[in-house]
Amino acid sequence: METTYPWTKLYDDAAKAFDSAPEPGERFEEIIQAAAAQRPGAPFLSTSLPNGWSTTLDFAAFDDHSRRIATYLRGALKLSDGAVVAVQGPNAISTVVAMVGVLRAGLVLTNLNPLYTPPEAQRQLADSNAQVLFVSDLFASKLKECLKSTQVKHVVSLSLEDHFSPTKKVALSFLLRRVKRLASALPSDIAQTVQRYSETQLSVPADDAALAAYQASCPETQPALLQYSGGTTGAPKAAQLTLRGLMVNLAQGAHHSPQDAALPDQRILLVLPVYHMFGLYVTALSLKLRYHLILAPSPRPLDNLRKTFERFAPTILPGVNTLFVHLMTLSWFKGHAKNIGITLTGATPLDRAAAKRWLQMTGGRLSESYGLTEATTILTQNPGDDRFREGTVGFPVPGTRIQIKKEDGTWAAPGEPGEVCAKGPQLMVGYAGEDAPQAFDDDGWLLTGDIGQLDEDGYLTLLDRKKDMLIVGGFNVYPNEIETVLSQHPLVSESAVIGVPDDSAGERAYGYVVCSDPTLDVKALMDFCRSSLTAYKCPAGIEIVDALPRSPVGKILRRELRDKYIDEHAS
């Protein structure tokens, strides 16, 4: 008997039809060709630098350049079906062109974090069996070490200078290499074997017939992305994602919030790293909806974004809680906030107090999503309309099923907490590798590792990560609940809670906070917690720090805080 899911009553007729038979509607290749045909001269990609310089590629030029990359990989390098190509670069036009070129060639793309150390990069290149590496010249000095014991046979050098005018290329080269010393020359013993991005555009003319044949040999139901996940909690694992899953996920978002799917002439500022699945999703969304995507390769400190806001006046801002909190402290940002009509957030929990201040400052809509790399991007969404429900991450996007599994293995009733489990066409095929961990149960449900609860209407409230949950004297304690209370203190801007050993209770909570006033009394903050939390949930201690350790996408690295605590309290 088919289970009835309460959230389907929140769908319109089109979403209900899609929910019963989710199909992407169009292929990845089709959205690129359609954008180039319908808006050839409209701006698609811009690289925007902190000094105010920028360069832009229109839809037709992007189509041409990415086709040339695809033809270079297949025609010049003779890569076969299933070959893996790695891309490691900042948010810049050539990085996106390379990524999309790999996918258009019917090959498998794996994205590397530009902040990786050589051992981390080497580990992913070796694990993924990458044969080609597109890499920013900002990392030239580290390249040789990254390639040790890997299958990489060809290296293509990317640069922030790509697609700038010849005059600005010269000036940028001088600035990056001589003034800021961010880029260096390639090691002499491998320099001759590295090809420049600009040279790949000239190697082989784009061949549309051959391109169609490559794509036909690798249908969109096969893995096209090896997206590494889990680096904050353990060894990264390669989630095998498909282009069909990406296209379905885009369609799910469009059906879930149809008012956001047909807005003309929008400008999206991408501060999130494009190598992250959220950033890649936003890039594909911009292609599908014909939006102008502005790439910020160096967003930190956030004052680096000032010229970008002045030049482009972005109307859509995807981001995470940290970005919004810090932007609101900058006096110059207040003059640009009202341009932001839509804010997209995910990847990390959104602080409710900060969200209210953000909406007051921007006057726009806020759409919060919940998802994970293993689900391409989105599982649930809290739409920015009258269906928005504060304190939740919304309800499942059409075609997705969510249930909550209790510790005894049974399904939870509304209001009962447990592990969030998901099914849907956007889910990964599985982790790559013979020794890959099992992510699905015997019935095909993805075990997310997140703790949450559904209400009677199907809205999901996240409580915490399963691994982060504390057991204090036999009681389950969720760090996120304590962090919410800490963040409500007027002098606290950010907080993080971890579990630490306790002789009597087995485990106790311990808090780290960033505050606007260094004279904040810790005892007063502890009393503030006691006014809102029962005794066993209150932190055993609180420490004021200058900043919290975070991943490039903004997730708090609780593992680093645990290591810090152990180092400082070893006795």
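These legends walk through several close-up views of one predicted model. Residues are numbered from 1 along each chain as its sequence is written, and side-chain values use heavy atoms, leaving out hydrogens and water. Because the model is predicted, local features need pLDDT of at least 70 and side-chain atom pairs count only at pLDDT 80 or more, while totals for chains, interfaces and linings use all residues.

**View A. The second largest pocket, with a volume of about 1200 Å³.** A pocket here is an open set of points on a 1 Å grid over the protein atoms alone, where a 1.4 Å probe fits and protein lies on both sides within 12 Å along at least five of seven lines. Its volume is the space filled by probe spheres set on the points, which are joined across faces, edges and corners. Of the 45 residues lining this pocket, Pro297, Ser298, Pro299, Arg300 and Pro301 are the closest to its centre; a lining residue has an atom within 4 Å of a point. Helices α7 (166-179) and α14 (321-327) each supply at least two residues of the lining. Helices (H or I, at least four residues) and strands (E, at least two) are DSSP runs, numbered from the N terminus. By type, the lining divides into 29 nonpolar, 10 polar and six charged residues, where Ala, Val, Leu, Ile, Met, Phe, Trp, Tyr, Cys and Pro count as nonpolar, Asp, Glu, Lys and Arg as charged, and the others, Gly among them, as polar.

View B. The peptide bond from Arg300 to Pro301 is cis, with omega near -5 degrees. For background, most residues other than glycine have a negative phi, and most peptide bonds are trans.

**View C. The crossing of helices α3 (residues 59-76) and α10 (residues 208-217).** The two axes come within 10 Å and cross at roughly 70 degrees. That makes α3 roughly perpendicular to α10, a label given to angles of 65 to 115 degrees. Axes are lines fitted to C-alpha atoms, for helices over the stretch in contact, and angles run from 0 to 180 degrees between N-to-C directions. Arg67, Ala70, Thr71, Arg74 and Gly75 of α3 meet Asp208, Leu211, Tyr214 and Ser217 of α10, contact meaning heavy atoms within 4.5 Å. These contact residues divide into three nonpolar, three polar and three charged.

**View D. An open three-stranded sheet in the order β24-β25-β26.** The pairing is mixed; two strands pair if DSSP finds at least two bridges between them. At the edges, β24 (492-502) and β26 (541-544) each pair on one side only. From one strand to the next, the twist averages 25 degrees. Strands β24 and β25 (residues 506-515) run antiparallel and are joined by 10 bridges, and Ser495 has Val513 in β25 as its bridge partner. Helix α17 (residues 522-530) lies across β24, β25 and β26, running at about 130 degrees to β26. Helix α18 (residues 558-568) packs on the sheet too, touching β24, β25 and β26, with its direction at about 60 degrees to that of β24.

**View E. An open sheet of four strands, ordered β17-β18-β20-β21 with antiparallel pairing.** β17 (401-405) and β21 (460-465) stand at the edges with a single partner strand each, so one side of each has no neighbour in the sheet. The twist averages 50 degrees from one strand to the next. Four bridges join β18 (residues 418-423) to β20 (residues 446-454), and Ala422 stands opposite Leu446 in β20.

Technical notes. Parallel < 35°, antiparallel > 145°, perpendicular 65-115°, else oblique.
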